[in-house]
Amino acid sequence: MSATSPVRAVLPPDIRARKGQAPLVVLTAYTTPVARLVDAHCDMALVGDSVGMVLHGMPSTIGVTMEMMILHGRAVVRGLQKAMAVIDMPFGSYEESPQQAYRNAARLMAETGAPCVKLEGGAHMAETIAFLTKRGIPVQAHIGLTPQSVNTLGGYKVVGRDGEGDQVMEDALAVEAAGAFSVVLEKVPMGLAARITQRLSIPTIGIGAGVACDGQVLVVDDMLGFFTEFRPKFVKRYADLGSLASEAIADYAAEVRARQFPGDEHSFADVLKGKQS
Ligand code: KIV
């Protein structure tokens, strides 16, 4: 089955044109109800491969599949009216060759309706980014900490300190030259992120990269307090929905055990009287 791509209010060239204007607001979304909430307030909804860790309990993003991204991507696109969907290419779906990346990116777009993809990697992915963008696939790049490379990076560390800054700058310039319409900077020191933002003509979207970036992204379950396995320093909790949900579930369990729920108001009478249903 293939979903037709709706013409959306916001498309990658619009995002690119936002450089130097009001900050871009981005959150992840993996489901239709959350996409609807994000749509009301954000410029982009990122169907991140973080879905594997956040919703599926995976230990990293390595095991996320194309099928998972398509399923969640479709759900998110259904919930959006004005924000733009960005869909992550999962580990193993693009690194082998530009041709492999094209096949899988085209499938993600055709089967979800998202107008673009995001992929991890800097200078070494430039050839692939150029190949995709020349063939109608807008690409958001992702540099600095690239979680799919956790096994070669040796953990989720800050990238760009202690003389590594030149490489991150080089990556940023390479993805811009290759045609990326924006770039995510993850866990990059704020001074370096500010210099990259100043140097590039495409928007930088920071996550743990300081306030100077052209936009910010967070994992929605982190900022809502739903994902509590661990909490990176860059996450600000705007709500504690995890605790609220836990209290609600405890109340429900107690009421069921005490035979207080369901009450008459949640039950059906044997005889229909007046407007009662
Ligand atoms: O997968 C994801 O949610 C991401 C963001 C952290 C940028 O890539």
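Is Glu186 buried or exposed? This is a predicted model, in which local features need pLDDT of at least 70 and side-chain atom pairs count only at pLDDT 80 or more, while totals for chains, interfaces and linings use all residues. Residues are numbered from 1 along each chain as its sequence is written, and side-chain values use heavy atoms, with hydrogens and water left out.

Glu186 turns out to be buried, with a relative accessible area of 10% (buried means under 20%, exposed over 50%, partly exposed in between, with a 1.4 Å probe and protein chains only). Glu186 sits in strand 6, residues 182-186 (strands are DSSP runs of E, at least two residues, and helices runs of H or I, at least four, numbered from the N terminus). An unreviewed UniProt entry gives Glu186 as "active site", though such annotations may be inferred rather than shown by experiment. Leaving aside neighbours within four places in sequence, Glu186 is in contact with His142, Ile143, Gly144, Leu145, Pro147, Ile207 and Phe234 (contact means heavy atoms within 4.5 Å).

Then there is the "binding site", for which the unreviewed UniProt entry lists Asp49, Ser50, Asp88 and Lys118. These are spread over 70 residues of sequence, yet they cluster in space, with a largest C-alpha distance of 12.5 Å. Not counting residues up to four places away in sequence, Ser50 touches Thr28, Tyr30, Thr61 and Val219.
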